[in-house]
Amino acid sequence: MDTRPAARRVARKELGIFFASPAAWLFLGTFAGVSLFAVFWVESFFARNVADARPLFQWMPLLLVFLCSALSMRSWSEERRSGTLEHLLVQPTPLWRIVLGKFYACLALLSLALVCTLPLPVTVALVANLDWGPVFAGYLASILLGAAYLSIGMWVSARTDNSIVALIGSVTLCGLFYLVGSDLFTNFFPSAQAELLRELGSGSRFDSITRGVIDIRDLFYYLSLCCAFLGLTIYRLEREGWARFATTPRQRHWRVGIVLVLANLLVANLWLAKVPGLRQDITEGRIYSLSDTSRELLGQLREPLLIRGYFSARNHSLLAPLEPQLKDLIEEYATAAHGNVRVEFVDPAGNPELEQEALQRFGMHPTPIQVADRHQTSLVNAWFHVLVEYATEFRVLGFSDLIEVRTATNGRPEVLLRNPEFDITSAIRDVMHDYRSGGDLFAGIQDPVEFIGYISADGKLPQRLRDYRDVIEKTLADAVAASAGKLSFRLLQPEDGDGALAQKLEQDWGFTPLHDPDTDTPFFFYLTLADSRQVVRLPGEGFDPANFRLVLDAGLRRFAHGFTRSVALVAPRTRPELARLNLGGPGFARLREAISRDYTLIEERLDDGSVSPEADVLVLAAPENLDEVAVYAVDQFLMRGGTVILATSPWTVTPGEQGLELHGYNSGLRDWLAHNGVGIGKGLVMDSRQARFPAPVQRAQSDSAADNLKIIDYPFFVDVRDDGLSEHPISRNLPHVTVAWPSPLEVQHLPQRRVTPLLFSSADAGVSQQPEVAARENSSWQIPEPRARQVLGVSIHGVFDSAFQAPPLALARHIDGRLPQAFVRRSPESARLIVYPSNDIFSDRVLSALVQATGTQYLGPIALFSNTLDWALRDQRFLPIRARAHFNRTLPPMTEKMRLGLELFNYGAALGWLLLLALLGWLLRRHRRTWLRRELGL
């Protein structure tokens, strides 16, 4: 007899019996209701504001304990109680086929129950950008875990004739398998033993799969449980026909066979545990696997690289599950590097020499955290660090670099790895470049660079500039000798011949003649660096011979890879005590921290009419009342081919006595922006696709008013996502960005410039000319007409003309001596201007509000700014992996009515599925009765 028809007949019979009982519908309905209740109420799905199905699968291991025990409790106990077990045992059909048929029936019922929960991820996918990889993995894990629980339940049921006893026994045994790998149990053991227990536990492996990583070892573990307990069930039923005290060859064969099966399954699991690389990352973007960027970087290794993880034997319960995840990722570096990466995992507390080295050489410091065991609660110095060492260079990643903490709506903290690949790969890049360069700029330059000085003849130059030129020639000669052919130089006299070069310089580059203030003699003194891709103009302010090498090195860094770039920042500073009270204007501490993480931060003042010659990028965040000298400094930095990143608006918002108050804000750059074709309107953009904001809401109370902080959907916080993010490298890899209090932005498309919008509002956005930003109780905002998509960020790349005809007269007091300032009238094509029409998009006040409203440390504006810097500095390799965080995908803003509707839809869809099953069952039974009547001739 064929196996499949026999097992199928048994499965069909079991399904018919199950659905004929009201208990079946009770079990399925209860499972669906409890699952959705856990998602929407226990885990507060909408308040959690993450676009995933994790809350569903977080409770699935516990829910499946009860569901699978209920489904399997009658499988054999009812046969034994009704006396039909003996009849089954003497059937010509092999017993294992009957067991398999009953197992198929229970598995089919489990699948039908899981279908009741499918509307949840479908709902999320309809309203947000859902990653279907973890959802598919979650359902696969649910089927596998459920199959293991069903096999356990069938074995328990085969040992008793009481269904209730079978239910209790199954719940107990399945619960023990779940408990053995749970944090509640593993917290009592050191790290090595705890990790072993997690490998034995059914729930911990379930969590590993639901991340979106399908590991062959996890799949084989569940299949092993199924095979083991189904084998034990068959063995138990087979023993029913044996004589109590007799021993026959058949019995011995059965005993030896079942022991061999169990032993082989155990050995196979132990062997697979030591085999690396048996995993497939099915998440969108493969966020748990090494990217091509990391693999390409590892291919450039010329010396052995050490990645060492420092992990305490006893760690906090929230950190313990992250340790194996981080270890798996680190081991992938070793696999991808083909022997060039050595991986070590150590517990410093158990190795005094390594602990001393970590403290003194690497500057690591353990963090005191509270842990509990069976007898007491105590403080231990916990290690959770990663060292990346390449030859003599090293980087250390600690708690703040590796861990992201999100405050869950149920009050429990939710801890995940932040973005370990980005951090580890960045550290590898830094140590490689530091070691290779060894302080040598030319080691990081690939294409030859030429210095070209456009300097007039001695007779036209002031004496001080002649001396300056002599220093330049000597310094350049030394630099060329040390460059190994990477640098050459020429000094050209623009007026030679018919002056064609002078005319070309003025026409193409905006190099206008300077004038000696004593003799009024015109002359040229302009310095440039160029390779095959770009031209960089060196600043000439001051003409100080002592500073030329500094100016030259700053220019050469623009052509070199692996050197820390410098970012000049102009932003208001707020005193810490005022910032804590949300007073004193917008602070930008987080912005400064983001710059300092990867670049050298220069606090720029602009009051001397120039930008530091070391600066590669100029960032202006909420600049206020810039005078003519400061604007000139910005203008000339752009004219030299630099990149200016500007966040500005005519408005700023501050807390006041009446809630939020809108104030006018003068940057001093309005006319300069208008000259460059950029217009920022006086209104504020309001969008129906809005982010949440913890706003002070004014509540009327008799004769007074009180402000309560309330998280509201706020139309002045524009939620930019999906079609609002352009395909530009700055924005295309971001999941979403919140732009706070933006103004409308208009840009003219002028010749020789490429205008690329970066951010857009939705099509249902309008501009309010008299906005009321304060929130009041029961207040609602109307989006003004007309409604259209608004540009909220733009990149302009190309040739710019200076907004000045000459250096401003007010600059004279800053001039050392009476030498003129080098004035550039036109920029090269490398000049870039990036504008975000909001003073507050990067401010601490707004970023803190986003953390408070979403409960996540992922900050879209900071990710946007970091991408902007990387693109401006032509280091775009890390843009695809920067946004590989876990809390990036958020739900779009929804009204209370819409949230209620989606919740009711899920309950209704589950109920509809059960009704459909009932209808199909009724139709099948009716069809069967009709067939029987026809066969019997009735």
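Analyst: A disulfide is counted when two cysteine sulfur atoms lie within 2.5 Å. By this rule the model has 0 disulfides. The model is predicted: local features need pLDDT of at least 70 and side-chain atom pairs count only at pLDDT 80 or more, while totals for chains, interfaces and linings use all residues. Residues are numbered from 1 along each chain as its sequence is written, and side-chain values use heavy atoms, with hydrogens and water left out.

User: How do I read a sheet, and in what order do the strands of the open sheet run?

Analyst: Strands (E, at least two residues) and helices (H or I, at least four) are DSSP runs numbered from the N terminus. Two strands pair if DSSP finds at least two bridges between them. Here 7 strands form an open sheet with mixed pairing, in the order β18-β17-β19-β20-β33-β32-β29. β18 (600-603) and β29 (753-760) stand at the edges with a single partner strand each, so one side of each has no neighbour in the sheet.

User: Which strand pairs with β29?

Analyst: β29 pairs with β32 (residues 791-798) in the antiparallel sense, over 7 bridges. In this pairing, Pro757 stands opposite Val794 of β32.

User: Which helix lies across β29 and β32?

Analyst: Contact means heavy atoms within 4.5 Å. Axes are lines fitted to C-alpha atoms, for helices over the stretch in contact, and angles run from 0 to 180 degrees between N-to-C directions. Helix α29 (residues 860-872) lies across several strands, including β29, β32 and β33, and runs at about 175° to β33 (832-836).

User: What about backbone geometry: where does Gln752 lie, and what is its phi?

Analyst: Gln752 lies in the loop between β28 (745-747) and β29. Its phi is near 65°, a positive value in a residue other than glycine. Gln752 counts as exposed, at 59% relative accessibility. In the loop between β31 (775-776) and β32 lies Pro786, which a cis peptide bond joins to Glu785, with omega about -5°.

Key:
Buried < 20%, exposed > 50% of the residue type's maximum accessible area, 1.4 Å probe, protein only.
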